[in-house]
Amino acid sequence: KDSVEAAAVPFAGSPTILLDGADAFPTGVRIADLACRVYRTDSGFAGVPSVAQLVGAIQNQA
């Protein structure tokens with residue numbers, strides 16, 4: 001992906017986890033640049049959500 005492609009789709013940094021095309025952890029912030037994303041976890045900021053957060057997001061989607 002490049003910046004043009006990133007600007008054309010909802011993107012909040014990498015990794016952005018989509019469930020049925022929607023951001024599983026929406027922040028309301030969208031960017032047009034390729035960038036890293038951080039997630040708030042019980043252990044502090046991390047490069048990925050925790051397993052518990054992922055399970056919760058999937059369960060809330062159902």
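**Figure 1. The one aromatic pair of the structure.** In this predicted model, phenylalanine 25 and tyrosine 39 form the pair, with an edge-to-face arrangement. The ring centres lie 5.5 Å apart, and the angle between the planes is 80 degrees. Distant parts of the chain are linked by this pair: phenylalanine 25 belongs to the loop between β2 (22-23) and β3 (39-41), whereas tyrosine 39 belongs to strand β3, 14 residues apart. Both phenylalanine 25 and tyrosine 39 are buried.

**Figure 2. The largest nonpolar core.** Five residues make up this core: Leu19, Ala24, Phe25, Tyr39 and Ala57. Phe25 and Tyr39 are also the partners of the edge-to-face aromatic pair.

**Figure 3. Surroundings of tyrosine 39.** Leaving aside residues up to four places away in sequence, tyrosine 39 touches Pro15, Thr16 and Ile17, as well as Phe25. The remaining contacts of tyrosine 39 run from Gly44 through Phe45, Ala46, Gly47 and Val48 to Pro49.

**Figure 4. Arginine 37 and its contacts.** Arginine 37 is located in the loop between β2 and β3. Its relative accessible area is 6%, which is under 20%, so arginine 37 counts as buried. The side chain of arginine 37 makes a polar contact of 3.4 Å with the side chain of threonine 16.

Methods
Residues are numbered from 1 along each chain as its sequence is written. This is a predicted model: local features need pLDDT of at least 70, side-chain atom pairs count only at pLDDT 80 or more; totals for chains, interfaces and linings use all residues. Side-chain values use heavy atoms; hydrogens and water are left out. A nonpolar core is a set of buried Ala, Val, Leu, Ile, Met, Phe, Trp, Tyr and Cys residues joined through side-chain atoms within 4.5 Å. Buried means under 20% relative accessible area, exposed over 50%, partly exposed in between (1.4 Å probe, protein chains only). Contact means heavy atoms within 4.5 Å. Rings of Phe, Tyr and Trp (its six-membered ring) pair if their centres lie within 6.5 Å; planes under 30 degrees apart count as stacked, over 60 as edge-to-face and the rest as tilted. Helices (H or I, at least four residues) and strands (E, at least two) are DSSP runs, numbered from the N terminus. A polar contact is a pair of N or O atoms within 3.5 Å; within protein, one must be able to donate a hydrogen and the other to accept it, and residues adjacent in sequence count only if both atoms are side-chain atoms.
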